[in-house]
Amino acid sequence: MLGDIIGWIILAVVVIVIIGLVLWAVGIYNRFYSLKNSSEATLGQIRVAMKKRLDMIEQLLGAVKSYAKFEQETFTKVTAMRASVATAGPGDLNKVEAESRSIFGRLLAVAENYPELKTSQTVTSLMDSVKGLEDEIARQRYTYNNISQEFNTMMDTIPSNFIGHLIHLPKLEYLQFEEEIKTPPKIEF
């Protein structure tokens with residue numbers, strides 16, 4: 001009789017440990033997908049802000065067009081970048097960021113060379129809006145990279161890495177716009 005009670009107690013402890021381990025694994029699984037979904041949502045916000053910025057750069061190009069001879073290639077590039085932002089991954093967004101910064105730098109140089117353009121309310125307003133979007137993109141990039149860091153840390157540390165590898169989760173790629181920012185855009189006409 002005492003042996004039966006001890007057997008049941010051991011069985012109960014084993015069942016409780018198994019239930020605890022399952023709940024722990026489900027918690028880690030849910031945390032991975034919560035971070036993954038947060039990163040995708042933040043990446044979506046970055047895409048929206050970058051598209052807005054490219055829209056405004058396109059408007060600026062139209063306003064500046066009468067003052068400076070921008071090649072048709074520049075207009076085509078902006079249009080192509082706008083189309084690619086919607087489906088771009090982190091690596092592609094890094095490239096779009098570098099190209100759009102270069103074009104925006106050229107626009108700023110044109111504004112400096114043409115005082116009457118610099119005082120135009122439309123151009124000034126658009127430039128301020130683009131600069132505001134730069135701040136928004138920087139905030140979203142910071143958030144995305146923090147989420148990616150937490151996700152990647154879980155992928156690298158025991159015991160969560162066992163679950164991450166078991167369900168074949170890849171590490172998240174960081175947005176590294178800072179590298180392009182260190183190199184000032186080339187301004188050529």
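Which residues have the most contacts inside the largest nonpolar core? The model is a predicted one, where local features need pLDDT of at least 70, side-chain atom pairs count only at pLDDT 80 or more, and totals for chains, interfaces and linings use all residues. Residues are numbered from 1 along each chain as its sequence is written, and side-chain values use heavy atoms, with hydrogens and water left out.

To start with the overall layout, the protein has 7 helices and 0 strands (DSSP runs numbered from the N terminus, with helices being H or I of at least four residues and strands E of at least two). Of its 189 residues, 34% count as buried, meaning under 20% relative accessible area with a 1.4 Å probe, protein chains only.

Now for the core. It has 36 residues, and Phe-32, Ile-46, Met-50, Ile-57, Leu-60, Leu-93 and Phe-151 have the most contacts inside it. Such a core is a set of buried Ala, Val, Leu, Ile, Met, Phe, Trp, Tyr and Cys residues joined through side-chain atoms within 4.5 Å. At least two of its residues come from each of helix H1 (2–64), helix H2 (72–85), helix H3 (90–113) and H5, with H1 giving the most, 12 residues.

Leaving aside residues up to four places away in sequence, Phe-32 touches Phe-151, Met-154, Met-155, Ser-160, Ile-163, Gly-164 and Leu-169; contact here means heavy atoms within 4.5 Å.

Then there is Ser-148, found in helix H5 (residues 121–156). Ser-148 is buried, with a relative accessible area of 0%. With residues up to four places away in sequence again not counted, Ser-148 touches Leu-172, Glu-173 and Tyr-174.

How values were computed
Buried means under 20% relative accessible area, exposed over 50%, partly exposed in between (1.4 Å probe, protein chains only).
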